[in-house]
Amino acid sequence: MFIEVIELPSYKGTLNVTAHELYIALLEQSIAEIKQITGKELTIDELEKGYKYKAKKQVGKEIKDATVHFKKTEPDRRIHVTYSLERYFYEMNYILTPLSEDSTEFSYSQTMNNEKMNFIQKMMFENKMKRWMKALEKVILNKRRTGNVG
């Protein structure tokens, strides 16, 4: 059986935060998501070492059981997550590249098998990523101003 792996749209942008601030914010979001799904409270240290959990994922109109594998991270540099379910898998890569003391390039790419995106879906994806990154940057800068940095 041949499985076609498809590179979905990627996103690259610059945020006015440090790579460490962005890395911690991404991990904190993941920890909150894991807690919401599993009820388990993880620490950043635990998540950095890698973590697997069960979740539900919508595929078309169906809800399927999935395994989410948060791979061992490269602190302040890379986060890699996979979703596996039946005949589908998704891989997500978050790459952080420091540009200066307070500027980081953020790259996100996703691959999946057996799915394609049309032009409108790609545009929606890119707009969603831009909004998410701007919102995350704002949260990080607010934390910095209040002295509540991870």
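This is a predicted model: local features need pLDDT of at least 70, side-chain atom pairs count only at pLDDT 80 or more; totals for chains, interfaces and linings use all residues.
Among contacts in the chain between residues at least 6 apart in sequence, 51% join residues at least 24 apart.

**Exercise 1. Determine how many helices and strands the chain has and in what order they run.**

Solution. Step 1: the chain has 3 helices and 7 strands. Step 2: read from the N terminus, the order of elements is β-β-α-α-β-β-β-β-β-α. Step 3: for the accessibility of the chain, note that 38% of its 150 residues are buried.

**Exercise 2. Describe the largest nonpolar core and identify the elements that supply it.**

Solution. Step 1: this core contains 37 residues, and Leu22 and Phe106 have the most contacts inside it. Step 2: at least two core residues come from each of β2 (11-15), α1 (19-38), β3 (51-59), β4 (62-70), β5 (78-85), β6 (88-100), β7 and α3 (119-146). Step 3: α1 provides the largest share, 9 residues. Step 4: examine Leu22 itself. Beyond its neighbours within four places in sequence, Leu22 is in contact with Leu15, Val17, Leu96, Thr104, Phe106, Leu136 and Ile140.

**Exercise 3. Decide whether Ser103 is buried or exposed, and list its contacts.**

Solution. Step 1: locate the residue. Ser103 belongs to strand β7, which spans residues 103-113. Step 2: apply the cut-off. Buried means under 20% relative accessible area; Ser103 has 12% relative accessibility and therefore counts as buried. Step 3: list the contacts. With neighbours within four places in sequence set aside, Ser103 touches Thr14, Leu15, Asn16, Val17, Thr97 and Pro98.

**Exercise 4. Classify the ring pairs Tyr83–Tyr90 and Tyr94–Phe106.**

Solution. Step 1: the structure holds 7 aromatic pairs. Step 2: in the pair of Tyr83 and Tyr90, the ring centres are 6.4 Å apart and the planes stand at 85°, so the geometry is edge-to-face. Both Tyr83 and Tyr90 are buried. Step 3: for Tyr94 and Phe106, the centre-to-centre distance is 6.2 Å and the angle between the planes is 45°, which makes a tilted pair. Because Tyr94 lies in strand β6 and Phe106 in strand β7, the pair ties together parts that are 12 residues apart in sequence. Tyr94 and Phe106 are both buried. Step 5: extend the view to the cluster. Tyr94 and Phe106 belong to one aromatic cluster that also includes Tyr11, Tyr108 and Trp132.

How values were computed:
Residues are numbered from 1 along each chain as its sequence is written. Side-chain values use heavy atoms; hydrogens and water are left out. Helices (H or I, at least four residues) and strands (E, at least two) are DSSP runs, numbered from the N terminus. Buried means under 20% relative accessible area, exposed over 50%, partly exposed in between (1.4 Å probe, protein chains only). Contact means heavy atoms within 4.5 Å. A nonpolar core is a set of buried Ala, Val, Leu, Ile, Met, Phe, Trp, Tyr and Cys residues joined through side-chain atoms within 4.5 Å. Rings of Phe, Tyr and Trp (its six-membered ring) pair if their centres lie within 6.5 Å; planes under 30 degrees apart count as stacked, over 60 as edge-to-face and the rest as tilted.
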